Amino acid sequence: MEKSEIDRAIPPAIEYPRQPVDEALGLLKNILLLIGFVIVVVFVFFPILGGTVFPQFQELYYIFGDVDPFAFAALGVTLAIGLSIVGAAWGIFLTGSSISGAAIRAPHIRSKNLISIIFCEAVAIYGIILAIIISSKIKNSVEVDGIKYWQLRSACYTLFCTGITVGLGNLACGVSVGIVGSSCAIGDAANNTLFVKILVVEIFASALGIFAIIVGILQSQQADFP
């Protein structure tokens, strides 16, 4: 079978030694280990020094109960947009570096692989949308007490959980899209018939962020300020 002009322009593949595990996965592992270490120190090490195996959850309740509920709602906005941007930046970093490197060998991949960058950027847009929705739900209530005060706290905690859900979901989505987009660029440089096949996987990876934003919207609707 006669090769096309693009195939003839591509030099033969070069066998490179196997590379170590992706640095992004290593960094994600370090983050999870750090979170686990903090949990162990706070809930195991400190309580043991205090003379008990388990933490005094009633004391933790008083500590966090004295925090202004609106602080939790504002923290939910921060987590929603902050983690989403981190996920988008992480994905763009992975995909962009692979496109830049693979384009040296196969310049024809430059344009069509930019769709991976668009998918990564969409993750940040998801976070901005939810941050706007959460901000619009926050209402500056007057002095309330009794049942209305607990209703206020429940609404603020709901928005806080919404921010965590959307932020972590978009962070995972951004990393997933970035890794798949990086593989798509490298695979396309070696064999241009792989682009559409890997792109399908990338679309499903991008759908994870849509799931997060749908669940976040449903959660935010349960926040009822007095």
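This is a predicted model: local features need pLDDT of at least 70, side-chain atom pairs count only at pLDDT 80 or more; totals for chains, interfaces and linings use all residues.

Me: Which residues of helix 5 are buried?

Reply: The buried ones are S116, F119, C120, A122, V123, A124, Y126, G127, L130, A131 and I134.

Me: What span should helix 5 have, and what does the model give?

Reply: Helix 5 runs over residues 114–137, which is 24 residues, so at 1.5 Å a residue it should span 34 Å. Its end C-alpha atoms are 36 Å apart, which agrees.

Me: Switching to rings. How many aromatic pairs are there?

Reply: There are 2 aromatic pairs in the structure. One is F72 with Y157, edge-to-face, with 5.2 Å centre to centre and 90° between the planes. F72 is in helix 4 and Y157 in helix 6, so this pair ties together parts 85 residues apart in sequence.

Me: And F72, is that buried or exposed?

Reply: Buried, with a relative accessible area of 15%. Y157 counts as partly exposed, at 26% relative accessibility.

Me: What about F72 and F160?

Reply: F72 and F160 also form an edge-to-face pair, at 5.5 Å centre to centre and 75° between the planes. F160 sits in helix 6, 88 residues from F72 in helix 4, and both F72 and F160 are buried.

Me: Last one: which ring does K112 lie over?

Reply: K112 lies over the face of F195, 5.0 Å from the ring centre.

Technical notes: Residues are numbered from 1 along each chain as its sequence is written. Side-chain values use heavy atoms; hydrogens and water are left out. Helices (H or I, at least four residues) and strands (E, at least two) are DSSP runs, numbered from the N terminus. The expected span of a helix is 1.5 Å times one less than its number of residues. Buried means under 20% relative accessible area, exposed over 50%, partly exposed in between (1.4 Å probe, protein chains only). Rings of Phe, Tyr and Trp (its six-membered ring) pair if their centres lie within 6.5 Å; planes under 30 degrees apart count as stacked, over 60 as edge-to-face and the rest as tilted. A charge sits over a ring if NZ of Lys or CZ of Arg is within 6 Å of the ring centre and within 35 degrees of the ring normal.
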